[in-house]
Amino acid sequence: MDASRYIEDFDFLVDTVDRVHPCPDLTSTRHQLEAQRDRLRRDLAECRTDGDFWHVAQAYLVTVGDGHTNLRSPIKSDFRQAGLVTSLVDGQVVVAEVIDSESAPEVHVGDIILGVNGHDVETRLGEVIRSQPSDTVRSARFRAARDALVFVGSTSETCTVTLSAVNGSVYDTTLRLLGFSGPIADHDRQERVIDHKECVTTFFWEAASAGCLRLRSCMDRTTIQQEWLDGLDLTLDDVPDMESVCWDFFSALRASRARKAIIDIRGNGGGNSSVGATLLKYLTRKPIESYRGDTKVSEETKKWFPNEPIGSVARGTAGVRAFPYQTRLSEDQLKTLPAFEGQVIALLDTGVYSSAEWLAAELA
């Protein structure tokens, strides 16, 4: 495509963000935004592929710093990564899983990454953090650790990594970088299958008189569509229903006279807020102050705020959830609701995001 068309698309993106975003210069000054826009427009003159354009567009949205408008390139051939899953554990980047042992024959689960391509691991994390916006410093490090060995737009076949083994020895190894095919694609598919089949699970810990409800993502059978599952060889019947899981879980807690309910939403990246809200009626009947929404009045939203001038920000009132919050139960079921009266413990981490953040606030 002609570079001028990419420039037109980029200008449309910038103008649209400025028009509809309530506060595009919240984390960067207006001067910084304009300087980044001008630099990237010059870069666009060299664009030859859609992949080039996605890199430039994402660089601008990184400057805006809004995680929900972080543009992630859908072009699977646009990145290469080591055959490992890495995560942040006690502040260190740790190998959590080996996806492809042939490309990383010396590496084992639990090894700590100390350096990447001749630089210490903090330098690498800084590079990744600058490429993707996050809500907080902690969440930025969490995401950067996950992507420490993912190289967007790279044509390199290998990377050199310094690691500390579980036994304390330090070693260097060269890892073969993989594209989105073979082991990486298979692992991605497997993770998506688990995300759907185990979106909500439960278990009971008799010794501690406790039960645990694990919400892996804010989605369930009622919030997804069959076409999303077709490529995973799943049907809607394979996906749990949050309402029925909660009913069975809290009924079992009541029958066992358990004193603790553990709600585990660690790593929950969000989804549909109604899924988490389904849980709340089993824990309390009090009104819950949930969130407030402020809306930038634009051409798209003017119909909802006819008396507000375009460009102004309409301040929303606090959203309050009232019992029964979110429910698909009948009136008779609500009368016999197995509400929990013991101690509620919520487990969170820096992977909690979007709708799961709402749920965390509501649980608090």
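Trainee: What is the relative accessible area of arginine 37?

Mentor: Arginine 37 has a relative accessible area of 28%, so it counts as partly exposed (buried is under 20%, exposed over 50%, partly exposed in between; 1.4 Å probe, protein chains only). This is a predicted model, where local features need pLDDT of at least 70 and side-chain atom pairs 80 or more, while totals for chains, interfaces and linings use all residues. Residues are numbered from 1 along each chain as its sequence is written, and side-chain values use heavy atoms, without hydrogens and water.

Trainee: Which residue does arginine 37 form a salt bridge with?

Mentor: Arginine 37 pairs with aspartate 38, their closest N and O atoms being 3.1 Å apart (a salt bridge puts a Lys or Arg side-chain nitrogen within 4 Å of an Asp or Glu carboxyl oxygen). Aspartate 38 is also partly exposed, with a relative accessible area of 34%.

Trainee: And how many salt bridges does the structure hold?

Mentor: The structure holds 21 salt bridges. One of them joins aspartate 241 to arginine 328, with the closest N and O atoms 2.8 Å apart, and this pair links distant parts of the chain, 87 residues apart. Aspartate 241 is buried, at 12% relative accessible area, whereas arginine 328 is partly exposed, at 45%.

Trainee: Changing topic, are arginine 321 and glutamate 362 buried or exposed?

Mentor: Both arginine 321 and glutamate 362 are buried, and they form a salt bridge whose closest N and O atoms are 2.6 Å apart.

Trainee: Which residues are joined into one network?

Mentor: Glu191, Asp195 and Arg216 are, through salt bridges that share partners.

Technical notes
Helix = DSSP H or I, 4+ residues; strand = E, 2+ residues; numbered from the N terminus.
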